[in-house]
Amino acid sequence: AESAQGKGTFLREAVGPQILKPLLYDLMLQQSTAHELYEFRLMFDVAYHYLAVEKATEEDKRLAKQRFAEYKSLFEMNLPVAEADIAFHKVILEATRNPFIVKVGMLIMDLCDPYFQGSDAIHDEKVMRCHEEILDIFCTGNTANLENAIKGSMQTFKTILSKVY
């Protein structure tokens, strides 16, 4: 923020994502429950998906389809899917084209990382269908069922959190 005599205080035009560093560091040190992390991730994921859908290019959609195909293929072969799942969500996150949102989203993924590793042991068809629905929403722009799809896609994450805490 800058102050100008007689004009008040205002944000500079060139505020970069580095302004988030103290906040991100504080979030990493935050003592919180697994349920609070789930609520934070759910709220954030729903919000950024709306923006990603609005800004998605054909290239974003193509890349999301490709990452989803990789994820689904591993899932069907009963192989570890955590990295492919993250790669799929990262395409959608980056489609927001907003460095603030991308940085916070990547931090949330990092905070959730210990729990993602346990997701490979849980083979849930409903979670896969919800990821497929997220891809469809991202590609068609029809956000009518977005929140339910995201909640469903996070069911494995929620299950793991409930077992850990």
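Which residue's side chain is joined to that of H89 by a polar contact? Select H89 and D85: their side chains make a polar contact of 3.0 Å. Please keep in mind on this tour that the model is predicted.

**The whole chain**

Now zoom out and colour by secondary structure. The protein chain has 8 helices and 2 strands, and the order along the sequence is β-β-α-α-α-α-α-α-α-α. Of its 165 residues, 39% are buried.

H89 sits in helix 4. Its relative accessibility is 5%, below the 20% cut-off, so H89 counts as buried. Beyond the neighbours within four places in sequence, H89 touches Y48, H49, M109, H131 and I134.

Select H49, which belongs to helix 2. Is H49 buried or exposed? H49 is buried, because its relative accessibility is 2%. Show the backbone as well here: a polar atom of the H49 side chain lies 2.6 Å from the backbone oxygen of D45. Leaving out neighbours within four places in sequence, the contacts of H49 are H89, I92, I134, L146 and I150.

**The cavity**

Helix 2 (34-55), helix 4 (82-94) and helix 5 (99-116) each give the lining at least two residues. What kinds of residue make up the lining? There are 7 nonpolar, 2 polar and 3 charged residues in the lining of the largest cavity.

**L111 and L37**

Stay with helix 5 and pick L111, which lies there. L111 has a relative accessible area of 24%, so it counts as partly exposed. Now draw a distance from the C-alpha of L111 to the C-alpha of L37: the two are 8.2 Å apart in space, yet 74 residues apart in sequence.

**Two loop residues with positive phi**

For the last stops, look at backbone angles. Most residues other than glycine have a negative phi. Select N78, in the loop between helix 3 (58-76) and helix 4. Phi of N78 is positive, near 60°, and this residue is not a glycine. N78 counts as exposed because its relative accessibility is 58%.

Then move to R97, in the loop between helix 4 and helix 5. R97 is also not a glycine, and its phi is positive at about 55°. With a relative accessible area of 45%, R97 is partly exposed.

How values were computed
Residues are numbered from 1 along each chain as its sequence is written. This is a predicted model: local features need pLDDT of at least 70, side-chain atom pairs count only at pLDDT 80 or more; totals for chains, interfaces and linings use all residues. Side-chain values use heavy atoms; hydrogens and water are left out. Helices (H or I, at least four residues) and strands (E, at least two) are DSSP runs, numbered from the N terminus. Buried means under 20% relative accessible area, exposed over 50%, partly exposed in between (1.4 Å probe, protein chains only). Ala, Val, Leu, Ile, Met, Phe, Trp, Tyr, Cys and Pro count as nonpolar, Asp, Glu, Lys and Arg as charged, and the others, Gly among them, as polar. A polar contact is a pair of N or O atoms within 3.5 Å; within protein, one must be able to donate a hydrogen and the other to accept it, and residues adjacent in sequence count only if both atoms are side-chain atoms. Contact means heavy atoms within 4.5 Å.
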